[in-house]
Amino acid sequence: MLTWVGKVRAEQDFFASPATCVTLQQGRDCHATVQFRWQLSGESPVCLYLEQQQLRCWQQEQRIEFEYRFVETNSRTFYLKQGETILASHRLEVSWVQTSQRNRQWRRF
């Protein structure tokens, strides 16, 4: 899910993909390359965060493209911030194919 406010010009000017990361089993790391692109109306410094962790900052750039290697077991939210102001956010949902590993029981006939 994408949300944006303030200095990001329009919704098409902030792009993040994918929105979902799928792993085989619940509790396993999900691996994805998250691509970000955005364009700002000014040249103010902005930073990209994963939850509270600062990933990278840009100074005096209006058009930015960035890739991030995502390895997590849970869904997380990315934030594009200018100071303490959130300009945009992107939620990456982690899902899985199997909820838990079943114990295989062998039968003899």
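## Close-up views of a predicted model

**View 1. A charge meets a ring at Arg37 and Phe15.** In this close-up, the charged end of Arg37 sits over the ring of Phe15, and the distance to the ring centre is 4.2 Å. Please keep in mind that the model shown here, as in every view below, is predicted.

**View 2. Lys81 and Tyr49 give another charge over a ring.** Look for the charged end of Lys81: it lies over the ring of Tyr49, 4.7 Å from the centre of that ring.

**View 3. Aromatic rings gather in one cluster made of Phe14, Trp38, Trp58 and Phe66.** The structure holds 6 aromatic pairs. One of them joins Trp38 and Trp58, an edge-to-face pair with 5.1 Å from centre to centre and 90 degrees between the planes. This pair links distant parts of the chain, since Trp38 belongs to strand β4 (residues 30–39) and Trp58 to strand β6, 20 residues apart. Trp38 and Trp58 are both buried. Now follow Trp58 to Phe66: their ring planes stand at 80 degrees with the centres 5.4 Å apart, so this pair is edge-to-face. Phe66 is buried, as is Trp58.

View 4. Is Thr77 buried or exposed? Thr77 counts as buried because its relative accessible area is 9%, which is under the 20% cut-off. Leaving aside residues up to four places away in sequence, Thr77 touches Tyr49, Leu50, Glu51, Ser89, His90 and Arg91. With Arg91 there is also a polar contact between the side chains, at 2.9 Å.

**View 5. Glu51 and Gln60 have positive phi angles without being glycines.** Start with Glu51, found in the loop between β5 (46–50) and β6 (53–58). Its phi is about 55 degrees. Glu51 is partly exposed, with a relative accessible area of 24%, and it is also one of the residues that Thr77 touches. Then move to Gln60, in the loop between β6 and β7 (63–72), where phi is near 55 degrees. Gln60 is exposed because its relative accessible area is 61%, which is over the 50% cut-off.

**View 6. A cis peptide bond leads from Ser17 to Pro18.** Which form does this bond take, and what is its omega? The bond is cis, and omega is near 5 degrees. Pro18 itself is placed in the loop between β2 (14–17) and β3 (20–25).

Notes:
Residues numbered from 1 in each chain as written. Predicted model: local features only at pLDDT ≥ 70, side-chain atom pairs only at ≥ 80, totals over all residues. Heavy atoms only, no water. Buried < 20%, exposed > 50% of the residue type's maximum accessible area, 1.4 Å probe, protein only. Polar contact = N/O pair within 3.5 Å; in protein donor to acceptor, adjacent residues only side chain to side chain. Contact = heavy atoms within 4.5 Å. Helix = DSSP H or I, 4+ residues; strand = E, 2+ residues; numbered from the N terminus. Phe/Tyr/Trp six-rings, centres within 6.5 Å; stacked < 30°, edge-to-face > 60°. Lys NZ or Arg CZ within 6 Å of the ring centre and 35° of its normal.
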